[in-house]
Amino acid sequence: MKIVMLGAPGAGKGTQAKRIAEKYHLPHISTGDIFRANLREGTELGLKAKEYMDAGALVPDSLTVELLLDRVAKDDCRDGYVLDGFPRTIAQADVLTDALAKSGDKVDLAINIDVPDEHIQRRMSGRRSCPQCGQGYHTEFNPPKEEGVCDKCGAALIQRDDDKPETVAKRLQVYHEQTQPLIEYYEKAGVLKTIDGTKPMDEVFADITALF
Ligand code: AP5
């Protein structure tokens, strides 16, 4: 099954994508995570992507599209995947649609996690993540057992550079202008399902699994 996660920054796409991937044994592919991993490794791609991410802008398609197409062509994606953060523009969605159509395939499900803007700053300011194993937390809604320490691997948790309030405001603006139109795109394709993302995480996940 080929799944696309839609929703504003901080809506809970990554949180839910990880759980879907685990439950249905699908790879979780997050373009944001790929860029952040490259940055940690100090690659040219990571350093270039950082300029855009820190400004709250989208990383250009020239750095994003091939990377994604190469990733979904790997063996572990044969039975499907959960895409988190791609596509983010109509142009990216068209690339994915065309690539899948070549093998008579298509996106099966686009899950739109709906969270109004007024909830987003609170979500982002409390977000923490583990730089070592990728586990996500929230200081208020999903705290680790010991403050600042990953439950899974014991590494010190970090806050993302692009979670500063001014960058979040820019990311929201970019989301509304460039990514939100994908809701209509996948609605027209007949695969869109919208979930209320303001509920607690477990309830959101239960609503998602009810779609399968
Ligand atoms: P990316 O990493 O994809 O960021 P994003 O889309 O802005 O989404 P986030 O990761 O910020 O949020 P999320 O929806 O995954 O929420 P989460 O589950 O963490 O992209 C970062 C940047 O990379 C972009 O700005 C862009 O520059 C670049 N980029 C990436 N892909 C690109 C592409 N295709 N093209 C061009 N550029 C690209 O949850 C947020 C917090 O809320 C967490 O702390 C979580 O614990 C908490 N939470 C989650 N669910 C709930 C709930 N139900 N109740 C309470 N708290 C909750």
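**Ligand shell and nonpolar cores**

Helix H2 gives the most to the shell around the ligand, with 4 residues; a residue is in that shell if one of its heavy atoms lies within 4 Å of the ligand. This is a predicted model, where local features need pLDDT of at least 70, side-chain atom pairs count only at pLDDT 80 or more, and totals for chains, interfaces and linings use all residues. Residues are numbered from 1 along each chain as its sequence is written, and side-chain values use heavy atoms, with hydrogens and water left out.

There are 35 residues around the ligand, and Thr15, Ala57, Arg88, Arg127 and Arg171 come nearest. By class, the shell divides into 15 nonpolar, 11 polar and 9 charged residues.

Now the polar contacts, meaning pairs of N or O atoms within 3.5 Å. An oxygen atom of the ligand lies 2.5 Å from a polar side-chain atom of Thr15. For Thr31, a side-chain N or O atom is 2.7 Å from a nitrogen atom of the ligand. Gly85 uses its backbone: a polar atom there is 2.8 Å from a ligand nitrogen. The protein covers 95% of the 1,000 Å² of accessible area that the ligand has on its own, by the Shrake-Rupley method with a 1.4 Å probe.

On to the cores, which are sets of buried nonpolar residues (under 20% relative accessible area, 1.4 Å probe, protein chains only) joined through side-chain atoms within 4.5 Å. The largest has 43 residues, of which Leu83, Leu96, Ile111 and Tyr186 touch the most other members. Apart from it lies another core of 7 residues, including Phe35 and Leu45.

Conventions. A polar contact is a pair of N or O atoms within 3.5 Å; within protein, one must be able to donate a hydrogen and the other to accept it, and residues adjacent in sequence count only if both atoms are side-chain atoms. Helices (H or I, at least four residues) and strands (E, at least two) are DSSP runs, numbered from the N terminus. Ala, Val, Leu, Ile, Met, Phe, Trp, Tyr, Cys and Pro count as nonpolar, Asp, Glu, Lys and Arg as charged, and the others, Gly among them, as polar. Buried means under 20% relative accessible area, exposed over 50%, partly exposed in between (1.4 Å probe, protein chains only).
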